[in-house]
Amino acid sequence: MGSGASKNNSTQQTPRTQGTPRRPQATTNRGGHFQEVELQAPGQGRTINMSSRSQQSTPRSTPSNQQTRYARHSTNPNGSLYHGQSTAATSRENRRTNEEKEEDVQFETFLHQNGREFICAVRAGKRYYLDDWHSHDWQFFPERWYSEGTLVPLNTGESHGQNRVPSARNADDNDDRVGHLKHPKRGKVQTYLMEERHYVHFFFDKYSGKWLRLPIGWELHHELVKQMVDHVEEALPKWRDRADILALLRACNYNPDECIGTYLVLEEDDWLLPQRTSKDAKADEMKDEKIQELTEKLHKLESELLAEKKARVEAEQQLSELVEKYSKISADATSAQRQVEAMQQSRPKTARPKTPQVAIVPLVSERDLEELNQQVKNLHKTHVRLKMDMLRNIGSINAVISDAIKAASDLKKSDVGSKQELEEIRSLYQREALQRRLLYNQLQELRGNIRVFCRPRRDDRARNCLGFPSDQDITVTNQDGGKKTFSFDKVYTSDSTQENIFVDTQPIITSCVDGYNVCLLAYGQTGSGKTFTMMGPDNNPGINIRAISELLKVCSERSETKSFTLKVSMVEIYNETVQDLLTEDTKVLELSMVGNSVKIPNIMEMPVKEVKDIKEIMKLGDSNRKTASTKMNSTSSRSHLVLMITVEGEDKVTGAISKGVLTLCDLAGSERISKTEATGQRLVEAAAINKSLSALGQVFLALRESQLHIPYRNSKLTQILRPCLGGDAKACLFVNISPDVSNSQETCNTLEFGSNARQVALGQAKQNIQKKGGGFPPR
Ligand SMILES: Nc1ncnc2c1ncn2[C@@H]1O[C@H](COP(=O)(O)OP(=O)(O)OP(=O)(O)O)[C@@H](O)[C@H]1O
């Protein structure tokens with residue numbers, strides 16, 4: 001360990017890792033005779049070559065001899081070995097041949113009491129020491145040093161006879177060094193108490209003048225040991241107990257690599273963890289016992305509680321049975337008491353039988369006995385009579401009750417009768433209302449009024465400002481509380497379905513098959529539900545799809561007498577230009593006015609034969625449609641969409657041809673420009689929309705006032721709609737409104753527009769039927 005100490009336990013030597021503190025080394029050739037021994041002083045790296053000294057009669061040895069001999073040395077009380085103290089060894093030494101002795105070299109460490117160490121070598125009975133600190137030469141060992149220190153042989157600890165470890169199989173049972181460990185994971189582990197020679201770290205205690213073993217606590221402060229422990233700790237960061245590391249290092253003869261190797265083999269082993277003291281174990285044991293005791297107590301209490309609960313339920317049941325019995329008995333007792341009382345009251349007052357004067361007449365006379373008998377008989381008769389009376393009375397009460405029941409059922413019947421009457425009156429009223437509506441419709445038809453339907457949008461989050469006093473009236477309450485009422489041909493509530501809406505317009509729409517021109521417009525502010533009403537979502541279609549499907553249905557129903565063709569065109573009026581939505585490049589269309597009619601040359605007309613065709617056409621048109629977002633509705637359409645369905649029917653008998661056009665128009669939002677805060681392109685769009693919608697309003701005004709000039713030409717929209725508003729068509733207007741109070745002003749404007757339109761009388765609609773060979777006026 002100290003300067004010049006050598007390591008010769010080479011059987012357990014592990015390869016050195018970089019950074020491992022250098023340990024004293026002796027390299028030997030184990031194959032045969034001694035050739036060379038290098039001794040290296042730690043930290044100095046100096047090597048003394050003994051072979052070079054052999055010519056100067058310096059010791060030579062074979063390592064095997066060296067090892068064998070030192071294994072036989074006895075230990076002193078400190079655990080160190082004394083050289084030359086064993087007489088047996090000495091005698092054996094003497095038996096060796098001189099030649100052998102000449103060749104034998106024994107190495108030792110001399111620990112001087114002044115704290116210094118020297119390497120010693122014994123050859124041919126002479127001891128030398130290496131004054132490594134000064135001359136680097138082998139010197140004769142001074143005689144006085146025998147009393148000034150200790151000689152410690154450099155022991156290999158290898159292959160000593162005593163240390164030959166038996167194999168796990170042939171371990172000798174009589175050998176008390178053989179033992180076992182019961183490991184929790186590895187099971188039975190065989191052990192062997194091997195005797196090995198190890199370095200033992202001493203310090204010189206100047207007070208006692210002795211070399212004493214270094215305690216672990218001291219040793220951890222030793223520079224070289226500290227480095228070794230640091231090294232192990234660095235390699236095994238999980239292992240933090242330095243004293244523990246040093247303990248294993250000691251066991252591994254201060255070989256950090258072996259120490260690391262041993263630890264890695266047993267890593268994760270619970271036994272490597274710091275052992276608990278017996279005190280801890282006892283405390284844990286007591287804790288476990290306490291837990292066990294408490295758990296048992298808890299179980300006992302739980303079962304007691306359960307039994308108590310059961311007993312309580314049973315007791316409660318018994319109690320309720322007793323209460324029931326008691327109430328029954330007391331009811332019986334009360335009724336018996338009443339009966340007795342009643343009997344007593346109705347009993348004729350007969351003289352109480354006199355108590356026989358027993359004291360005077362000791363024996364009952366025969367007369368008295370007879371009287372008593374008579375009285376008993378009378379009592380019995382009275383009892384029977386009372387009983388009969390009671391039975392008779394019960395009968396009459398029953399009769400009264402059945403009378404009452406009968407009267408009640410009579411009353412019920414009469415109630416049913418009045419209900420029936422009520423039903424009849426109600427159905428009469430409904431019939432009457434229907435008739436009135438039909439007459440009203442006929443009148444409207446005759447007058448050619450534009451029929452106006454009002455549909456509020458469904459909005460669950462809105463602060464509602466609408467009221468529905470009847471199905472023809474609607475009230476709007478503005479933010480200041482002011483209320484306005486408007487009347488229309490039909491006012492729907494927000495809950496109305498697409499189906500409800502379509503049902504009311506269905507007869508007008510289907511009149512198209514008879515050659516009428518029909519027009520349906522949806523007017524209202526952005527986001528009020530115009531597109532929802534006209535087009536609707538795929539899963540809940542609006543008027544457009546339903547109308548075309550219905551036309552297809554009616555046409556097929558009449559196919560026996562007439563052959564029909566249906567054609568659809570779709571245009572968009574955007575910024576006062578008419579664009580064909582059914583052509584790929586959304587071709588711009590020019591309108592030409594021919595007299596009172598309008599012609600749209602080159603417009604695409606697509607034939608429709610089945611419902612699936614409609615959907616495809618709608619899809620194509622929709623994808624071509626320009627939509628842009630505004631502040632109010634991000635998907636708001638900023639153009640008018642006009643769908644024209646032409647139904648031509650040829651009578652199979654007469655050859656007469658009817659032609660009706662159904663125009664379905666989803667107008668652009670009618671809100672004021674200021675409200676949308678539109679700028680740039682959006683402002684231009686809004687201006688164009690405003691222009692066309694006010695042109696429509698002007699047309700309605702002119703028609704309502706029967707002016708001579710109707711300003712159709714003021715916008716593309718009114719030009720296209722001219723055939724529908726010009727006199728021979730049927731027109732319906734949907735005014736779509738928002739229920740939210742924040743839109744009440746826009747809602748009033750829309751309803752105002754609808755009210756004005758409602759007063760327009762277009763005159764009686766005319767059928768467009770041409771006899772065979774005739775022609776239709778241009779549309
Ligand atoms: N009756 C209704 N029930 C349920 N949802 C509705 C109803 N009416 C409208 N909506 C919904 O309100 C939103 C706006 O409706 P829609 O697009 O039809 O308004 P619009 O008046 O056509 O707007 P724009 O003028 O911008 O085209 C849509 O999401 C639509 O589905």
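This is a predicted model: local features need pLDDT of at least 70, side-chain atom pairs count only at pLDDT 80 or more; totals for chains, interfaces and linings use all residues.
Modeller: Local features here need pLDDT of at least 70, side-chain atom pairs count only at pLDDT 80 or more, and totals for chains, interfaces and linings use all residues. Residues are numbered from 1 along each chain as its sequence is written, and side-chain values use heavy atoms, with hydrogens and water left out.

Colleague: Which residue in β16 does I474 stand opposite?

Modeller: Strand β15 covers residues 473-477. It pairs with β16 over five bridges in the antiparallel sense. Opposite I474 stands F486.

Colleague: How are α6 and α7 oriented to each other?

Modeller: Axes are lines fitted to C-alpha atoms, for helices over the stretch in contact (heavy atoms within 4.5 Å), and angles run from 0 to 180 degrees between N-to-C directions. The axes of α6 (residues 223-235) and α7 (residues 242-251) come within 10 Å and cross at roughly 105 degrees. Angles under 35 degrees count as roughly parallel, over 145 as roughly antiparallel, 65 to 115 as roughly perpendicular and the rest as oblique. The two helices, α6 and α7, are therefore roughly perpendicular.

Colleague: How far apart are the end C-alpha atoms of α13?

Modeller: The expected span is 1.5 Å times one less than the number of residues. For the 15 residues of α13 (residues 543-557) that should be 21 Å, and the model agrees, with its end C-alpha atoms apart by 20 Å.

Colleague: How many of the 15 residues of α13 are buried?

Modeller: Buried means under 20% relative accessible area, exposed over 50%, and partly exposed in between (1.4 Å probe, protein chains only). Among the buried residues are I543, R546, L551 and C555. Helix α13 is mostly covered, and its buried count is 11.

Colleague: Is N602 buried or exposed?

Modeller: N602 sits in the loop between β23 (597-599) and β24 (606-608). Its phi is positive, about 65 degrees, although N602 is not a glycine. Because its relative accessibility is 63%, N602 counts as exposed.

How values were computed:
Two strands pair if DSSP finds at least two bridges between them. Helices (H or I, at least four residues) and strands (E, at least two) are DSSP runs, numbered from the N terminus.
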